[in-house]
Amino acid sequence: MKKLILVPMFVFIFITFSEICIAQNTYSDDGYLTYSTENHPKANGLKITMKYPSDWEKQEALMPHIVQKFSNISGNKIVMIYIAECDLENVPTSEEDMKAIAKQLDSKWLSDFLPKNAQGTITDKHPTTVSGLPAILIEYNFSIEESDYSIYCEYITCILYFNDNNVMIMGSVADLTSNTSIARKRMKSLKPVFYKMVNSIVI
């Protein structure tokens, strides 16, 4: 069985971002811009185009495998492009491959990629197709307990493989655990935007 290769997800919570980079954008008439990873030094040579809302900010990420971060102006909803080389004998090429990988995705697997003080739960997972390639959609949430505060996070992530690369599109919201209901409402409003961004991907 193929083993899923991912960098620990918890690192994405604590990322700080640098200045906005020079855009590679084209305008569309539906309120969205088109972003391209072409010639981006962290894209491993992949050219991926994806639409994002024109009223969202696009920023360069400091982490080595996060190519770009997109966030709405209020900063409470975020989508990121993650690209890293895979260490797989055979890159998944079919829906059956993705179904096999999806079986690995459970709360125990999730806990291996979270801080020891985090409690995580996978709420949904299923195979899909992105730009004609087999992919997985996974939704999960977790809370991080610290001595003086607790943070609640929700993620929706699309995982696919292309040319020995692991490509992830991640949407996230976070707030204090006391504001969990607010975070859930933010995720509910993020999902349609996330799906439109993922469905617009061309590789």
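**Aromatic pairs**

I looked for aromatic pairs in this predicted model and counted six. I noted Tyr-35 and Phe-70 as an edge-to-face pair, with 5.6 Å centre to centre and 75 degrees between the planes. This pair joins distant parts of the chain, since Tyr-35 lies in strand 2 and Phe-70 in strand 5, 35 residues apart. I found both Tyr-35 and Phe-70 buried.

I then turned to Phe-142 and Tyr-155, whose rings are stacked at 6.0 Å centre to centre, with 20 degrees between the planes. Here too the pair links distant parts of the chain: Phe-142 belongs to strand 8 and Tyr-155 to strand 9, 13 residues apart. I recorded Phe-142 as buried because its relative accessibility is 1%. Tyr-155 has a relative accessible area of 5% and is therefore buried.

I also looked for clusters of rings and noted one formed by Tyr-35, Tyr-52 and Phe-70.

I listed the contacts of Phe-70, leaving out residues up to four places away in sequence; among them are Tyr-35, Met-50, Tyr-52, Trp-56, Ile-81 and Met-197.

I next examined the largest nonpolar core, which holds 33 residues. The members that touch the most others are Phe-70, Ile-81, Ile-83, Cys-158, Ile-169, Phe-194 and Met-197. Elements supplying at least two residues each to this core include strand 2, strand 5, strand 9 and helix 3. Helix 3 gives the most, with seven residues. I noted a second, separate core of 27 residues, which includes Ala-118, Ile-122, Ile-136 and Met-168.

**Helix 3**

I checked the length of helix 3, residues 180-199. Its 20 residues should span 28 Å at 1.5 Å a residue, and the end C-alpha atoms are 28 Å apart, so the two values agree. I found a bend of about 35 degrees at Leu-190, with a proline, Pro-192, following within four residues. Leu-190 is one of the buried residues of helix 3, including also Phe-194 and Met-197.

**Gln-68**

I located Gln-68 in strand 5. Gln-68 is buried because its relative accessible area is 0%. I recorded two polar contacts of its side chain: one with the side chain of Lys-58 at 3.3 Å, the other with the side chain of Glu-60 at 3.4 Å.

**Leu-110**

I placed Leu-110 in helix 2, residues 107-111. Leu-110 counts as buried, because its relative accessibility is 0%. I noted 9.7 Å between the C-alpha atoms of Leu-110 and Asn-141, which are 31 residues apart along the chain.

Notes. Residues are numbered from 1 along each chain as its sequence is written. This is a predicted model: local features need pLDDT of at least 70, side-chain atom pairs count only at pLDDT 80 or more; totals for chains, interfaces and linings use all residues. Side-chain values use heavy atoms; hydrogens and water are left out. The expected span of a helix is 1.5 Å times one less than its number of residues. The bend at a residue is the angle between axes fitted to the seven residues ending there and the seven starting there. Buried means under 20% relative accessible area, exposed over 50%, partly exposed in between (1.4 Å probe, protein chains only). A nonpolar core is a set of buried Ala, Val, Leu, Ile, Met, Phe, Trp, Tyr and Cys residues joined through side-chain atoms within 4.5 Å. Contact means heavy atoms within 4.5 Å. A polar contact is a pair of N or O atoms within 3.5 Å; within protein, one must be able to donate a hydrogen and the other to accept it, and residues adjacent in sequence count only if both atoms are side-chain atoms. Rings of Phe, Tyr and Trp (its six-membered ring) pair if their centres lie within 6.5 Å; planes under 30 degrees apart count as stacked, over 60 as edge-to-face and the rest as tilted.
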